[in-house]
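Colleague: Could you take one part of this model and walk me through it closely? I would like the account to be connected, with the cut-offs spelled out as you go.

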Amino acid sequence: MNNEKVLHRKGIKMPNISNYEIIKNAFYKKDILKDIIICPVCNSKDIHILKGDGHKIIGDDLIAFICNDCKKIYEFIDVICK
Ligand SMILES: [Zn+2]
């Protein structure tokens, strides 16, 4: 995943994540996407959820979350691409 591409595609205001580390296959969605979303690593609530390109993804199009305290991008394990 190219960070700049993600930012461009999303077209939303994001923190500067260009130097964030990307952790592949980090967590299952069900373990993250709860009523209160916190980082399971550092318990921060400073979290952004990343959406992908819906055309290429089966199911919901959430692909990763960003923790602004860890300064890492944690990709979901259970993202199924077409
Ligand atoms: Zn964190």
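**The sheet and its hairpin**

Modeller: The protein averages a pLDDT of 84, with 82% of the residues scoring at least 70; pLDDT is the predictor's confidence in each residue, from 0 to 100. This is a predicted model, so local features need pLDDT of at least 70 and side-chain atom pairs count only at pLDDT 80 or more, while totals for chains, interfaces and linings use all residues. Residues are numbered from 1 along each chain as its sequence is written.

Confidence is lowest in helix H1 (residues 3-10), at a mean of 48, and highest in S1, at 96. Over residues 7-11 the pLDDT stays under 50, and the model has 3 contacts beyond four places in sequence for that stretch. A contact here is a pair of residues whose C-beta atoms, placed from the backbone, lie within 7 Å.

First, the layout. There are 2 helices and 6 strands, and from the N terminus the elements run α-β-α-β-β-β-β-β. Helices (H or I, at least four residues) and strands (E, at least two) are DSSP runs, numbered from the N terminus.

The part I would look at is an open sheet of 4 strands, in the order S1-S5-S4-S2 and with mixed pairing. S1 and S2 stand at the edges with a single partner strand each, so one side of each has no neighbour in the sheet. From one strand to the next the twist averages 25 degrees; for such angles, axes are lines fitted to C-alpha atoms (for helices, over the stretch in contact), and angles run from 0 to 180 degrees between N-to-C directions.

Strands count as paired if DSSP finds at least two bridges between them. S1 (residues 21-27) pairs with S5 (residues 72-76) in the parallel sense over 4 bridges. S5 in turn runs antiparallel to S4 (residues 62-67), and 4 bridges join them. S4 and S2 are also antiparallel, over 5 bridges, with Lys-51 opposite Leu-62 in S4.

Ile-22 lies in strand S1 and is partly exposed, with 16 other C-beta atoms within 10 Å. The C-alpha atoms of Ile-22 and Ala-64 are 9.5 Å apart, although 42 residues separate them in sequence.

Ile-73, Ile-66 and Ala-64 belong to the largest nonpolar core, which has 10 residues, among them also Cys-39, Leu-50 and Phe-76. S4 and S5 each supply at least two residues of this core, and S4 gives the most, with 5. Such a core is a set of buried Ala, Val, Leu, Ile, Met, Phe, Trp, Tyr and Cys residues joined through C-beta atoms within 7 Å. A residue is buried if 20 or more other C-beta atoms lie within 10 Å of its own, exposed if 12 or fewer, and partly exposed in between, with C-beta atoms placed from the backbone. Of the 82 residues, 15% count as buried.

Cys-39 counts as buried because it has 20 C-beta neighbours inside 10 Å. Leaving out residues up to four places away in sequence, Cys-39 touches Ser-44, Ile-47, Cys-67, Asp-69 and Cys-70. Its C-alpha lies 8.8 Å from that of Asp-69, 30 residues away along the chain.

Finally, two backbone details. Most residues other than glycine have a negative phi. In the hairpin of S4 and S5, with 4 residues between the strands, Lys-71 takes a positive phi near 55 degrees. Lys-71 is partly exposed, with 13 other C-beta atoms within 10 Å. Asn-25 also has a positive phi, of about 45 degrees, although it is not a glycine. Asn-25 is found in strand S1 and is exposed, with 11 other C-beta atoms within 10 Å.

Conventions: Two residues are in contact if their C-beta atoms, placed from the backbone, lie within 7 Å.
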